[in-house]
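Have the model open beside you as you read.

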Amino acid sequence: MRLALLLLLFVLWGAAPAFATETIVIRDLRSPVDKSYRKMVQGMDLFAERHALAPAAELRYRVLVRKRDTDVRDVQLRLLGDTVKQPVPLAADGTFTLGRDAKALAEDAVVSANRPSQTMTWRADIRTPGLPANTRRLGDLRLECQVGMRAGLISQYPSLLDRFFNAMQRPADYCNGREVRYLFFAEQPIFGVALHDGARREVQPAARLYAGVLVGDTPQAERRYCDCEALLDRAYTLPLGDQSWPDDTLVELEPMDAAAPAGDPVAGYTKPEVAAALGDAKRLRFDNGYEVWDYGVGKGEMMVLIAPSGVAAKSRTLP
């Protein structure tokens with residue numbers, strides 16, 4: 001990794017004259033989480049252009065916490081330019097909309113938050129109304145990724161190299177990849193994610209849960225740079241570019257506290273009993289007291305959810 005970073009810096013240094021330069025104006029050192037109003041309007045334009053991905057949905061933007069002691073209810077937003085100073089109302093769920101203001105565009109305004117660096121992050125929020133609880137629509141999420149990338153909302157990716165190469169891609173190119181490291185966040189801690197289209201249903205592997213921590217992605221030393229830092233138990237990715245899944249595919253999110261299915265073979269056993277029966281596992285413990293144990297079984301895997309009480313809550317086996 002060090003060699004790769006040095007090579008990247010060498011390439012950037014040598015290629016610097018070939019790139020157009022951009023002047024960055026820091027308007028408020030107390031609020032370095034500012035986002036470009038112009039880019040967010042470009043995200044709105046992209047949403048209008050590709051509304052067919054989510055024809056029944058509207059676009060809102062959303063703020064999310066990145067530190068455990070941050071409360072979204074304490075966040076205040078303003079649209080700030082050289083002369084423009086407007087409050088941006090924030091709903092109780094952390095979402096907001098932006099109007100189109102010619103003067104703010106001319107002044108290259110920013111959407112400013114009263115929060116210090118690395119305490120919050122941003123996402124596009126596109127939701128088809130009328131879906132069941134803990135259910136999203138794949139087309140909505142595909143468009144969320146594209147709008148989020150165009151609007152420049154992502155604070156950090158787990159890898160510096162990822163950030164560099166992702167910056168070289170158009171939003172649609174990045175979001176149409178089969179394995180996209182764009183993090184989505186559920187409303188509550190989750191144990192599983194499944195894609196469901198008609199008679200076809202596919203549970204997603206551990207690699208697409210919790211920012212890939214169980215498969216070696218986003219190690220502890222890098223999590224402070226990740227949008228998932230305070231929301232690791234809610235984070236998931238999807239095969240956005242896999243066109244065998246239509247836009248109307250349902251994304252079913254299984255909360256950690258949902259009841260185990262009847263006949264679960266592991267539910268009710270204590271941690272020592274699970275360890276004695278199944279052996280060593282990759283273990284991930286969350287701030288809420290839950291633990292996920294991941295077992296590789298041949299080319300498949302088995303996951304066990306341990307409740308804060310120390311008893312197995314449920315399990316899942318993938319072929």
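## The largest cavity

The largest cavity holds about 120 Å³ of space. A search of the whole predicted structure finds two cavities of 30 Å³ or more. Here a cavity is a set of points, on a 1 Å grid over the protein atoms alone, where a 1.4 Å probe fits but cannot get out, and lining residues have an atom within 4 Å of a point. Points are joined across faces, edges and corners, and the volume is the space filled by probe spheres set on them.

Lining the largest cavity are 15 residues, and Arg 123, Ala 124, Asp 125, Glu 144 and Phe 185 are the closest to its centre. Strand E2 (58-65), E7, H4 and strand E9 (184-185) each supply at least two lining residues, with E7 giving the most, four. Helices (H or I, at least four residues) and strands (E, at least two) are DSSP runs, numbered from the N terminus. Eight of the lining residues are nonpolar and seven are charged, while none is polar; Ala, Val, Leu, Ile, Met, Phe, Trp, Tyr, Cys and Pro count as nonpolar, Asp, Glu, Lys and Arg as charged, and the others, Gly among them, as polar.

## A helix in the lining

Helix H4 (residues 138-150) is mostly covered, with 12 of its 13 residues buried. Buried means under 20% relative accessible area, exposed over 50%, and partly exposed in between (1.4 Å probe, protein chains only). Among the buried residues of H4 are Asp 140, Arg 142 and Glu 144. Just after H4, Gly 152 takes a positive phi of about 70°.

## Rings and a charge

Five aromatic pairs occur in the structure. Rings of Phe, Tyr and Trp (its six-membered ring) pair if their centres lie within 6.5 Å; planes under 30 degrees apart count as stacked, over 60 as edge-to-face and the rest as tilted. Phe 96 and Trp 122 are edge-to-face because their planes lie at 80°, with the centres 6.1 Å apart. This pair joins strand E5 (residues 95-96) to strand E7 (residues 120-127), across 26 residues. Ring pairs also bring Tyr 61 into a cluster with Phe 96 and Trp 122.

Tyr 182 and Phe 184 are both buried. Their ring centres are 5.1 Å apart and their planes at 55°, so this pair is tilted. The charged end of Arg 123 sits over the ring of Tyr 182, 5.2 Å from its centre (CZ of Arg or NZ of Lys within 6 Å of the ring centre and within 35 degrees of the ring normal).

## Reading the numbers

Residues are numbered from 1 along each chain as its sequence is written, and side-chain values use heavy atoms, leaving out hydrogens and water. Since this is a predicted model, local features need pLDDT of at least 70 and side-chain atom pairs count only at pLDDT 80 or more, while totals for chains, interfaces and linings use all residues.

Key. The expected span of a helix is 1.5 Å times one less than its number of residues. On a 1 Å grid over the protein atoms alone, a cavity is a set of points where a 1.4 Å probe fits but cannot get out, and a pocket is an open set with protein on both sides within 12 Å along at least five of seven lines; lining residues have an atom within 4 Å of a point.
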